[in-house]
Amino acid sequence: MRFNKYFLFTLILIPGYLIIAQDSTQKNITRIHTSLASRFNADYNSLNTLSNFNFSDQKEMRTAASQPVFINSERPLIDGTTWRENSDVDYLRLSSMLGAIAITNTIAYMYQRNVWYTEETTVFHSLDFVDDWNKYQQMDKIGHFTDAYFTSDLSAKIYRWSGLSGESSVWYGALTGWLWMLEIEISDAFMAEWGFSWGDMAANTAGSAFFVLQQFNYDALGGIQPKFSWHKSDAWKEMRYHKDPGALIEDYEGMTFWITVNPYHYFPNNWKKSYSEWLAPLGIAFGLSAKDIGWYPWAGYKEYSIGLDIDLRKLPIWGDSNLMKFLISEVNFLRLPLPTIRFTPQGTWVGFYF
């Protein structure tokens with residue numbers, strides 16, 4: 001199991017975004033303002049000529065004129081991108097990002113060849129599903145789900161920023177994330193120590209599929225966010241792994257995967273009006289980790305955690321910068337060190353946990 005590519009993907013693509021980024025909605029803002037001014041003047045002239053309108057009628061028309069008018073049904077999103085009904089592709093942005101994806105993929109693949117793919121190779125083969133599924137307390141399968149979700153989400157943002165319609169960005173983003181993970185499985189299939197994992201593929205597919213379901217059912221699923229945290233485990237520090245992890249992505253005992261829920265997302269609109277914007281980011285995090293799996297992959301036990309979470313995207317401090325919103329939406333995949341209750345076979349632990 002290898003699910004490190006997302007980090008390289010993000011680290012290389014974000015500088016590319018920074019280099020060629022412009023305000024992705026700037027040209028539309030001008031069009032929107034022109035449309036608003038034209039509509040307001042038309043309404044104002046009509047109000048002066050129709051003497052039978054009362055004051056409340058005038059107020060309603062002026063209020064309507066002040067509402068945003070979306071060109072091409074454009075809707076700004078919390079991640080700094082724009083959801084368009086129809087594509088309006090900026091081919092310089094799209095080609096730049098596709099080039100960055102290709103470069104990232106090449107670097108990641110060469111890194112894997114130098115680090116993991118130096119051992120004995122063999123013909124294409126797959127692993128026994130049950131035997132593979134029971135390894136590492138399913139931590140690697142959860143990792144594949146999470147990585148496929150993250151990569152699909154990041155790809156979709158890139159496609160939206162490049163001008164693709166909202167619907168197209170979701171499908172192309174999910175496909176990109178899924179193919180990104182498929183390449184890892186095909187590479188593993190030729191290694192004698194590993195092999196093609198149908199369990200990994202199931203987890204990859206589930207991660208990309210959940211991303212699609214969430215985007216098209218945002219009211220129901222938009223308040224749910226997979227997250228990740230890591231600290232160097234005692235098993236790695238004390239060399240209790242059967243094979244030195246070498247990097248955090250192989251230190252399974254130091255990983256915690258989280259599902260966070262933001263209650264504010266599900267509040268009725270009348271509740272939201274009276275709810276403090278500073279409390280809106282607060283949520284609940286449910287975590288899963290495992291111990292004693294380093295020395296023998298089929299051993300060990302799970303640990304469960306519950307604690308506070310903060311949805312960084314909802315903090316009212318980012319202003320109108322789409323670039324900042326985009327960067328924060330990526331950082332938001334990390335669950336911050338916050339109060340946590342952890343349940344283990346040895347007892348209950350309370351404290352700040354990352």
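Start with the salt bridges: there are 15 of them, each a side-chain nitrogen of Lys or Arg within 4 Å of a carboxyl oxygen of Asp or Glu. The model is predicted: local features need pLDDT of at least 70, side-chain atom pairs count only at pLDDT 80 or more, and totals for chains, interfaces and linings use all residues. Residues are numbered from 1 along each chain as its sequence is written, and side-chain values use heavy atoms, with hydrogens and water left out.

Select Arg160 and Asp79. Their closest N and O atoms are 2.9 Å apart. Arg160 sits in helix H6 (residues 139-161), and Asp79 in the loop between strand S1 (75-76) and strand S2 (82-83), 81 residues apart. Helices (H or I, at least four residues) and strands (E, at least two) are DSSP runs, numbered from the N terminus. Both Arg160 and Asp79 are buried. Buried means under 20% relative accessible area, exposed over 50%, partly exposed in between (1.4 Å probe, protein chains only).

Stay on helix H6 and pick Lys157. Its salt bridge partner is Glu330, with the closest N and O atoms 2.5 Å apart. Glu330 lies in helix H12 (residues 322-331), so the pair ties together parts 173 residues apart in sequence. Lys157 is buried at 2% relative accessibility; Glu330 is buried at 6%.

Next, select Asp200 and Lys141. This salt bridge has its closest N and O atoms 3.1 Å apart. It joins helix H8 to helix H6, across 59 residues. Asp200 is buried at 2%, Lys141 at 3%.

Now go to Ser197, in the loop between helix H7 (166-188) and helix H8 (198-216). Ser197 is buried, at 2%. Beyond residues up to four places away in sequence, Ser197 touches Leu127, Asp132, Lys141 and Glu185 (contact: heavy atoms within 4.5 Å).

Move to the sheet. Six strands form an open, antiparallel sheet in the order S3-S4-S5-S6-S7-S8; two strands pair if DSSP finds at least two bridges between them. Strand S3 (224-230) and strand S8 (347-353) are the edges, each with a single partner strand. S7 and S8 pair over seven bridges. Select Leu338 and find its bridge partner in S8, Tyr353.

Finish on strand S6 with Ile306. Ile306 is partly exposed, at 32% relative accessible area.
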